[in-house]
Amino acid sequence: MIIRIWAGQVVVGRLEEFCAHLASQVIPQLGRTEGCLGGELLRSVTEDGHRVLVLSRWRDEDALRGYAGPMWRIRPVWSEGELSYLAHPPEVTHFTQVATPAAPATA
């Protein structure tokens, strides 16, 4: 499994609108993409935070290549309309899982 993190810096004043777009359009579309094992939308919690992450899990490199093309390691995917929300083009990074998530602490 490969974890893909798409990161974007959102223009001031457009964060709520962009998050709504990602949640209603992009995340569901990822779920219908061959080889995608799921995705999540994250946003910065700092007061001046305008950073958004889309974390997606992919079966393998072939699945990512099918989604983002042969340059999947460096090519972020976005629609033309999404650029108006962003302060600059988004970036992508990729990770593989080393350890499973820790179990929640019990009281």
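Guide: Buried means under 20% relative accessible area, exposed over 50%, and partly exposed in between (1.4 Å probe, protein chains only). This is a predicted model, in which local features need pLDDT of at least 70 and side-chain atom pairs count only at pLDDT 80 or more, while totals for chains, interfaces and linings use all residues. Residues are numbered from 1 along each chain as its sequence is written, and side-chain values use heavy atoms, with hydrogens and water left out.

Visitor: Which pattern does the protein chain follow when read along the sequence?

Guide: Helices (H or I, at least four residues) and strands (E, at least two) are taken as DSSP runs, numbered from the N terminus. On that basis the protein chain has 2 helices and 4 strands, and its C-alpha atoms fill a box of roughly 45 × 35 × 20 Å along the principal axes. Read along the sequence, the pattern is β-α-β-β-α-β.

Visitor: What percentage of the contacts with a separation of 6 or more comes from residues 24 or more positions apart?

Guide: A contact is counted when heavy atoms lie within 4.5 Å. Among the contacts in the protein chain with a separation of 6 or more, the share from residues 24 or more positions apart is 66%.

Visitor: Which residues have the most contacts inside the largest nonpolar core?

Guide: A nonpolar core is a set of buried Ala, Val, Leu, Ile, Met, Phe, Trp, Tyr and Cys residues joined through side-chain atoms within 4.5 Å, and the largest one here has 21 residues. At least two residues of this core come from each of β1 (2-9), α1 (15-31), β3 (51-58) and α2 (61-68), with the largest share, 7 residues, supplied by α1. Inside this core, the most contacts belong to F18 and V52.

Visitor: What does E82 join through a polar contact of 2.8 Å?

Guide: E82 sits in the loop between α2 and β4 (91-96), and it is one of the residues that F18 touches, along with W6, V10, V52, Y85 and L86, when residues up to four places away in sequence are not counted. With Lys and Arg counted as positive, Asp and Glu as negative, and His and the chain ends not counted, E82 is buried yet has no salt bridge, and R75, the nearest side chain of opposite charge, is 10 Å away. A polar contact is a pair of N or O atoms within 3.5 Å, where within protein one must be able to donate a hydrogen and the other to accept it, and residues adjacent in sequence count only if both atoms are side-chain atoms. Such a contact, of 2.8 Å, joins the side chain of E82 to that of H21.

Visitor: How many disulfides does the structure hold?

Guide: A disulfide is a pair of cysteine sulfur atoms within 2.5 Å. The sulfur of C19 is 18 Å from the closest cysteine sulfur, that of C36, which is too far for a bond. Both residues count as buried, C19 at 10% relative accessibility and C36 at 11%. The number of disulfides in the structure is 0.

Visitor: With which side chain does the side chain of S56 make a polar contact?

Guide: S56 lies in strand β3 and counts as buried because its relative accessibility is 4%. Leaving out residues up to four places away in sequence, S56 touches I2, I3, R4, L30, C36, G38 and G39. The polar contact of the S56 side chain, at 2.7 Å, is with W58.

Visitor: Which residue forms a salt bridge with E16?

Guide: A salt bridge is a side-chain nitrogen of Lys or Arg within 4 Å of a carboxyl oxygen of Asp or Glu, and a search of the whole structure finds 8 of them. E16 lies in helix α1 and its partner in strand β2 (residues 36-43), so the pair ties together parts that are 27 residues apart in sequence. With the closest N and O atoms 2.7 Å apart, the residue bridged to E16 is R43.

Visitor: Which residues do salt bridges that share partners join into one network?

Guide: The side chains of E61 and R73 meet in a salt bridge of 3.1 Å, N to O. This pair links distant parts of the chain, with E61 in helix α2 and R73 in the loop between α2 and β4, 12 residues apart. E61 is partly exposed, with a relative accessible area of 33%. Through shared partners, the network joins E61, D62, R65 and R73.
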